[in-house]
Amino acid sequence: MNPSGDYTVHFADPDIFFQWPDILQVIVPRSSALASASASGMQAEHEQDNTNCPICLSAPTAPRMTKCGHIFCFPCILHYLSNSDNKWARCPICFDSVNEKQLKAVKWYDGPSHIEHGASQASSSSSSLDDDTFEIVPRTGATMHMRLMQRPQITTLALPRSQTWPSELIPPHQAPFHFLPDVFSFSKFMLATPTYLISDLSRDLDDLATERRILAGMNDDLGISFVDGADQKIRNQISKATALDTPLLKEQIDKAIRDQQEIEARHAFRERSRKAEEAARSEIADTPSEFLASKSSGPARISTPLSSAEEPKALGRNAPKQRRNVNPPPPSTSTYYYYQAASGLPLFLHPLDIKILLSHFKSYSSFPDTITLRVESLAEGTVNDDLRKRCKYLAHIPEGADVVFIEADLSGVVGVDGLKNFEGALKMRTSRRREKGRKDDRARTRAEEREKEREKSTISSTWSNVVPSYSYSAPVSSPVEGFEEPPEEEVPSAPSPPISGAWGARSFASALHSAPTGAHGGQIRSQRREVDEWDVDEAWHELERTAGARKKRGTRLVVLGSGGGGGRRR
């Protein structure tokens with residue numbers, strides 16, 4: 001943030017937006033909390049791909065962020081904006097308005113390069129370089145380092161508990177400088193210094209020079225022109241950053257550096273004194289008991305009278321009665337304590353695990369500054385009013401932010417005996433986690449089935465639109481002369497046994513053994529109508545000859561035929 005701005009209001013309400021002109025640089029972590037909560041490596045790779053420029057699909061050169069939150073190469077976004085007739089253009093991703101003056105510098109954050117020295121001292125297991133990867137992207141079953149966060153109720157600033165926080169070095173209602181301990185990793189916003197801004201902008205100039213050499217080798221004159229434009233704009237930003245270096249800002253920076261050095265010197269002196277006391281106690285423990293007995297036979301010590309506070313209270317009637325305080329006492333604590341990932345990502349210890357630690361250490365202030373635990377599961381969440389009521393220590397996080405709760409195995413911190421009183425709650429949490437996993441699997445299966453049915457319906461509707469439907473219609477002469485329909489291919493079928501009888505081939509038995517007709521049966525029937533009529537007449541005459549005298553002349557016979565016009569009544 002601009003070091004000359006006033007940000008007091010943001011320490012009272014975390015949901016207030018910052019003024020866009022006050023932002024000088026946006027620090028973006030390469031891995032998000034949701035990517036850390038994902039159990040698959042493909043999600044992490046996909047999250048890593050999101051750091052590429054959406055225009056050139058490569059690592060951003062001198063990255064710049066739009067107001068809508070998308071990151072592009074500085075030359076790429078300048079090239080895109082030059083194609084617009086107006087001073088603004090639509091974002092290629094979300095179609096929000098994008099202006100050249102609203103672009104902000106971006107710095108990628110890969111997490112802390114090392115673990116704090118207190119991690120190995122307060123943790124039961126030693127930290128190694130391999131464990132650093134688990135801090136940034138934890139997985140189920142991995143080892144994770146977490147630090148004890150301390151946030152006073154009167155502010156939204158939360159930092160790991162250390163010799164510099166809380167202290168007079170970092171006031172609770174004043175934005176800290178970026179170089180103070182733990183500020184860069186855990187603070188939501190911080191003050192920039194001119195030296196820091198000039199250093200990062202100079203690094204952008206080096207990246208642009210490399211990009212210019214690549215484009216020159218490809219003879220891309222148009223790309224070189226936009227690289228030169230980005231170079232000129234960055235040099236203007238460097239001149240503006242140099243103008244921020246005022247005597248008042250220099251005095252504030254020097255005072256913060258002096259205070260930090262004094263606090264670190266006092267902390268180092270206390271550590272040396274503590275180690276000296278421990279060494280003296282160990283020497284006394286190693287001293288022989290006979291030597292101590294000889295030393296204890298010295299002159300007797302003069303007894304001192306008890307102070308008024310140590311004298312026993314009078315129990316007589318004339319003793320003054322103690323007045324009771326009518327007003328309720330203030331709360332025992334005015335600070336929230338919770339554990340957060342040492343990488344600074346919004347990965348927090350589950351409330352049940354904090355309850356277990358409280359039962360073991362008896363008070364929040366007795367919690368160790370750093371713990372090392374094994375991750376059992378990760379639960380995603382979003383900050384809203386309900387979450388703020390259940391987890392008041394997260395009230396400093398803006399509404400709508402994504403958070404992840406770590407369900408951990410604390411047997412290495414509190415021991416197996418410390419978990420006995422919470423076996424029921426831990427089993428219930430495990431059963432809920434498994435039930436949630438089964439529900440997610442069922443929901444995923446149903447979604448896949450719906451997707452398959454949707455694809456089938458789409459294919460069937462597309463096929464019905466492509467293949468024409470056949471229906472009976474009167475023969476219409478083709479407008480194209482000399483057009484002949486291709487002959488239909490005959491489908492070979494198994495020969496049916498000959499059917500004998502008075503009806504011949506048009507009997508019901510022959511109809512059962514005949515092949516089913518399609519939708520175009522009406523046209524075939526109309527073409528063979530005359531042949532069917534002749535067959536029915538022949539069958540009728542044969543029936544009259546066989547029936548002969550047995551039939552009376554007045555008897556009326558009904559002949560059923562398959563043809564539309566072949567049936568007659570006599």
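How many bridges join β7 to β11, and in which sense do the two strands run? The two strands run antiparallel and are joined by 5 bridges, where strands are DSSP runs of E with at least two residues, helices are runs of H or I with at least four, and both are numbered from the N terminus. Two strands are said to pair if DSSP finds at least two bridges between them.

The model is predicted, so local features need pLDDT of at least 70 and side-chain atom pairs count only at pLDDT 80 or more, whereas totals for chains, interfaces and linings use all residues. Residues are numbered from 1 along each chain as its sequence is written, and side-chain values use heavy atoms, with hydrogens and water left out.

Strand β7 covers residues 143-152, and because 9 of its 10 residues are buried, it is largely enclosed by the rest of the structure; buried means under 20% relative accessible area, exposed means over 50%, and partly exposed lies in between, for a 1.4 Å probe and protein chains only. Its pairings, each with one residue pair, are set out below.

| Partner of β7 | Bridges and sense | Residue pair |
|---|---|---|
| β11 | 5 bridges, antiparallel | M144 with L373 |
| β9 | 7 bridges, antiparallel | R147 with Q340 |

**Aromatic pairs**

The structure holds 10 aromatic pairs, counted when ring centres of Phe, Tyr and Trp (its six-membered ring) lie within 6.5 Å, with planes under 30 degrees apart called stacked, over 60 edge-to-face and the rest tilted. The rings of Y338 and Y393 are stacked, because their centres are 5.3 Å apart and their planes stand at 25°. This pair links distant parts of the chain, since Y338 belongs to strand β9 (residues 335-341) and Y393 to the loop between α12 (385-390) and β12 (402-409), 55 residues apart. Both Y338 and Y393 are buried.

Y339 and F367 have ring centres 6.0 Å apart and planes at 15°, so this pair is stacked. It too links distant parts of the chain, with Y339 in strand β9 and F367 in the loop between α11 (351-361) and β11 (370-382), 28 residues apart. Y339 and F367 are buried. Elsewhere, Y7, F11, F18 and F189 form one aromatic cluster.

**Helices and cores**

Helix α8 (residues 221-243) has 23 residues and reaches 34 Å from its first C-alpha to its last, close to the 33 Å expected at 1.5 Å a residue, the expected span being 1.5 Å times one less than the number of residues. Its buried residues, among them F226 and I234, pack against β2 (64-65), α3 (74-82) and α7 (194-217). In α11, the buried residues are L352, D353, I354, I356 and L357, and the helix is followed by K362, whose phi is positive, near 75°.

A nonpolar core is a set of buried Ala, Val, Leu, Ile, Met, Phe, Trp, Tyr and Cys residues joined through side-chain atoms within 4.5 Å. The largest such core has 66 residues, of which L349, L373 and I406 touch the most other members, and β12 gives the most to this core, with 5 residues. Leaving aside neighbours within four places in sequence, I406 is in contact (heavy atoms within 4.5 Å) with residues including M144, M146, L373 and D353. A second, separate core of 23 residues includes F72, C73, F226 and I234.
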